[in-house]
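The sequence and structure come first.

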Amino acid sequence: MTAQAALAPDLPQPTGMVGLLDAPVTVGPDGPVLAGPAADLATHHARYGSAGGLGGGALLAALETAGLTGRGGAHFPVAAKWRAALGAGGGGLVVANLAEGEPLSAKDAVLAQRQPHLVLDGLALAAATTGAVAAVAWLHAGAVGTRAALEAALAQRHAAGVRELPVHLVEGPDAYLSGESSAVVAALAGLPALPQFRRTPAAVAGVGGRPTVVHNAESLARVALLARTGAAGYRSTTLLTLAGPRARTVVEVDAGQPFAALAGLLGGWPVAVLLGGYGGRWVAADRLALLAMDHAALRTAGLSLGAGVVAPLPPGACGLAETAAVAQYLAASGAGQCGPCLFGLPAIARALRALADGTASAGEVDRLRTHLGEVAGRGACHHPDASVSLVSSALTLFGDDVAAHRAGRPCGGASRAPGLLPASARAGAA
Amino acid sequence: MRRRRGGAAHLVVDPTRCAGVSVCAHLAPDLVRLDSWGYPVLERGPLTGADQRDAARAVSGCPRRALSLEEA
């Protein structure tokens, strides 16, 4: 899979303070992300200035003022996690979560491969501020590009005498849920990398009962920027993965940038967009047009950026059939631990498949809606909720299609190979 | 967080432990209904009085030790 820089015909490049990416980065539709050359330590320092800047309470205050939230998808306030770890007495772990389980997302791999030192600076700051005694970078098996970039960056830091905790690279299985933060905590505690039912947040009592602060790569890079600039000088941007059937493009957009500015990179104006990834929601592109592609603005509109995935419905594709394929993938990707997810997601996927094929009975469609109501909120992790939100949004947005398919008149796109699945998952989902 | 004696409480299920045995639905029928696959959907509470006593029976009757009463 070759990586290349792509030009952005319509997207205004972020201005002012240097950002995370110089230009959009295009990677293949599937497989390990290979994002091209990483900045070495000297380049990193020339670009961003040497590490240092804010720490301790001043950094916590800057994170709060800037409103930095986690970019893995849940958008939990970063400072709240750190305060929880401090409140529990520190002495714990910090984890850079680079697993990026969301199949359509490539932004964390691109970031870690282009700016590994920024992610590692953020990890060191998280460790120092929360009083951690160990630092881990969590990868999934097969992430060769990310692993190579981190190993090289860590060697450079060691050679340069950077004073920070040693970072242990730990590899987990290449599975959808192995990047889920409670699964990461479980794996680091020596258990299978599966989500856990947690009563206490991991930031308070995680691995071995110690405070365990798990952050996505982009979140950590933003911590490193905020430590350098403070909240007043911080340029708020967002990394997005624009996921098309043939390529994914990772772009950096300034806060306030509307969805319409991405149209050129999406190769035309889509009817609908899967926003957030497989656990996201279908949204009409016309509704998104003037909305800013940042977490705060989307939340105000009742939407979520999730893991930053923007996947247009391919031209001529059937939204119900695409969703059925993804729902089937999600049903097969569960941990198999919780009954409602283990039985509910396959039932939902089967019913949606029948609906997409135009073979669902009226009773089956009613049962699908019942199941959607039954499954949400009933797993140890949010995997079932994500599937429910995806399927529910499809039934709403593609309501006209639901009526036609129900009447036994599936659209032409329903028999096409699904365009939103990774190739590795397509064979089993056709 | 475990419950103090006497206070209101929530009935909580650990879905990774629950195997859909459904004893809870028999012991506390007003607090537990079963979904399409036989797994419990709980009345979260806060529970007091007779409800809390039923919930406590369901907690101790669960063969999977999947239920707990937690401080409201």
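## Salt bridges

Over all chains of this predicted model, a search of the whole structure finds 17 salt bridges. One of them joins the side chains of Lys107(A) and Glu218(A), with an N to O distance of 2.8 Å. This pair links distant parts of the chain, its two residues being 111 residues apart. Lys107(A) lies in helix H4 (residues 107-114) of chain A, and Glu218(A) lies in helix H8 (residues 217-233) of chain A.

## Salt bridges and polar contacts between the chains

Across the interface of chain B and chain A there are 2 salt bridges. Arg199(A) and Glu70(B) meet through their side chains in a salt bridge, at 2.2 Å from N to O.

On the side of chain B that touches chain A, the elements giving two or more residues are strand E1 (9-13), strand E3 (40-42) and strand E4 (67-71) of chain B. By residue class, this side of chain B divides into 8 nonpolar, 3 polar and 3 charged residues.

## Extent of the interface

The contact between the chains involves 14 residues of chain B and 16 residues of chain A. Together chain B and chain A bury about 1200 Å², and 59% of this area is on carbon and sulfur atoms. Of the area that chain B buries against chain A, 48% is supplied by Pro15(B), Thr16(B) and Trp37(B), more than by any other three residues.

## A parallel strand pair in chain A

Strand E4 (residues 134-140) and strand E5 (residues 167-172) of chain A run parallel and are joined by 6 bridges. Within this pair, Ala135(A) has Val167(A) in E5(A) as its bridge partner.

## An antiparallel hairpin in chain A

Strand E9 (residues 272-275) and strand E10 (residues 281-284) of chain A run antiparallel, with 4 bridges joining them. The bridge partner of Ala272(A) in E10(A) is Ala284(A). E9(A) and E10(A) form a hairpin with 5 residues between the strands. In this hairpin, Gly276(A) takes a positive phi near 110°.

How values were computed:
Residues are numbered from 1 along each chain as its sequence is written. Chains are lettered from A and ligands numbered from 1 in the order in which they are written. This is a predicted model: local features need pLDDT of at least 70, side-chain atom pairs count only at pLDDT 80 or more; totals for chains, interfaces and linings use all residues. Side-chain values use heavy atoms; hydrogens and water are left out. Contact means heavy atoms within 4.5 Å. Buried area is the accessible area (1.4 Å probe) that two parts lose on being put together, summed over both. A salt bridge is a side-chain nitrogen of Lys or Arg within 4 Å of a carboxyl oxygen of Asp or Glu. Ala, Val, Leu, Ile, Met, Phe, Trp, Tyr, Cys and Pro count as nonpolar, Asp, Glu, Lys and Arg as charged, and the others, Gly among them, as polar. Two strands pair if DSSP finds at least two bridges between them.
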